[in-house]
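Please look through the sequence and the model shown here before reading on. The report that follows takes up confidence, then the strands, then the pockets, and finally some single residues.

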Amino acid sequence: DMLYFKRGDYIFEYELEFESGLQSSVSGTRLDDLDDTEIMILGREYTIAEGEKNGNVVTLHLVGGDYSDMISEGETKTYTVEGKEYTLKVFTIDDMQRKVTLEIDGKLSKQLREGDVLRLGDIMIGIGNLYVHESVEGTDFVKLFVSARTITFKDDVSDSSFTTGVEVDSISLGEGQVKISGTTIGDQYKILSITYRLQPDTDG
């Protein structure tokens, strides 16, 4: 049995509609109020790790996983995934750049931002929200997702057309297109819907 799609057609279209809207103030380019907002996509829960609005371009970094954990700066934990143990330490959290460096089995990672993903053997560790304490004496935390998957949606919201702006686990999907619909209310921006279209892979 074979299933064929014409070149230029779409395999499916999936829309997330938010009845009351996802609303946030715009601080520089950050949509801070969207941090830690949970969204269900095709039966799987994702968390908005970071939202940005740079001019007319809105970018949403989402991360999900089999389970999540909150770890403080300097803390070490051991995780067992599929029978293998991983020792993970939050080596440092850069308050100004909002980036975290992890130490995994004695090896340092590069600096990671919210929404990034790091491969550990056969599993992925996703970086969720960073909780930075304003006082010097305060403790900073990072939310980690184990066996993670990340999705990035990026669209020019000044028009109603679709954009090739979808990444899954940091890999750009040339066949995926997204349209983010929203509105500006004073110094706030409200996302009304996210629509995703998938075209067939015509290579081969």
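## Confidence in the model

The protein has a mean pLDDT of 87, and 95% of its residues reach 70 or more, where pLDDT is the predictor's confidence in each residue, on a scale from 0 to 100. Confidence is lowest in strand 11 (residues 117-120), with a mean of 80, and highest in strand 18, at 94. Where pLDDT is low, the predicted coordinates should not be read in detail.

This is a predicted model, in which local features need pLDDT of at least 70 and side-chain atom pairs count only at pLDDT 80 or more, while totals for chains, interfaces and linings use all residues. Residues are numbered from 1 along each chain as its sequence is written, and side-chain values use heavy atoms, with hydrogens and water left out.

Strands here are DSSP runs of E with at least two residues, and helices are runs of H or I with at least four, numbered from the N terminus. An open sheet is formed by 6 strands in the order 2-3-4-14-15-16, with antiparallel pairing. At its edges lie strand 2 and strand 16 (171-172), each of which pairs on one side only. Two strands are said to pair if DSSP finds at least two bridges between them. In general, strands of a sheet pair through backbone hydrogen bonds, either parallel or antiparallel.

Strand 2 pairs with strand 3 in the antiparallel sense over 4 bridges; within this pairing, Ile 41 stands opposite Arg 44, and Glu 38 stands opposite Thr 47. The two strands form a hairpin with 2 residues between them, and Leu 42 in the turn has a positive phi of about 50 degrees. Strand 3 is also joined to strand 4 by 7 bridges, again running antiparallel. Here Thr 47 has Val 63 of strand 4 as its bridge partner, while Gly 51 stands opposite Leu 60. The hairpin of strand 3 and strand 4 likewise has 2 residues between the strands, and in this hairpin Gly 55 takes a positive phi near 65 degrees.

Which residues of strand 2 make up its covered face, and which its uncovered one? Ile 39 and Ile 41 form the covered face, whereas Glu 38 and Met 40 form the uncovered one. In a regular strand the side chains alternate between the two faces of the sheet.

The largest pocket holds about 300 Å³ of space. Of the 16 residues that line this pocket, the closest to its centre are Ile 41, Leu 42, Ile 151, Val 168 and Tyr 196. A pocket is found on a 1 Å grid over the protein atoms alone, as an open set of points where a 1.4 Å probe fits, with protein on both sides within 12 Å along at least five of seven lines, and lining residues have an atom within 4 Å of a point. Grid points are joined across faces, edges and corners, and the volume is the space filled by probe spheres set on the points. Strand 1 (12-25), strand 3 (44-54), strand 14 (149-156), strand 15 (166-168) and strand 18 (188-198) each supply at least two residues of the lining. This lining divides into 14 nonpolar, no polar and 2 charged residues, where Ala, Val, Leu, Ile, Met, Phe, Trp, Tyr, Cys and Pro count as nonpolar, Asp, Glu, Lys and Arg as charged, and the others, Gly among them, as polar.

The second largest pocket holds about 210 Å³ of space. Among the 15 residues that line it, Thr 59, His 61, Thr 152, Glu 167 and Ser 170 are the closest to its centre. Strand 4 (57-64), strand 14 and strand 15 are the elements that give two or more residues to this lining, and strand 14 provides the largest share, 3 residues. The lining of the second largest pocket is made up of 1 nonpolar, 9 polar and 5 charged residues.

## Single residues in strands and loops

Thr 101 lies in strand 8 (residues 99-104) and counts as buried because its relative accessibility is 8%; buried means under 20% relative accessible area, exposed over 50%, and partly exposed in between, with a 1.4 Å probe and protein chains only. By contrast, Gly 28, in the loop between strand 1 and strand 2 (38-41), counts as exposed at 65%.

Arg 98 has a positive phi of about 55 degrees although it is not a glycine, and Arg 98 is partly exposed at 23% relative accessibility.
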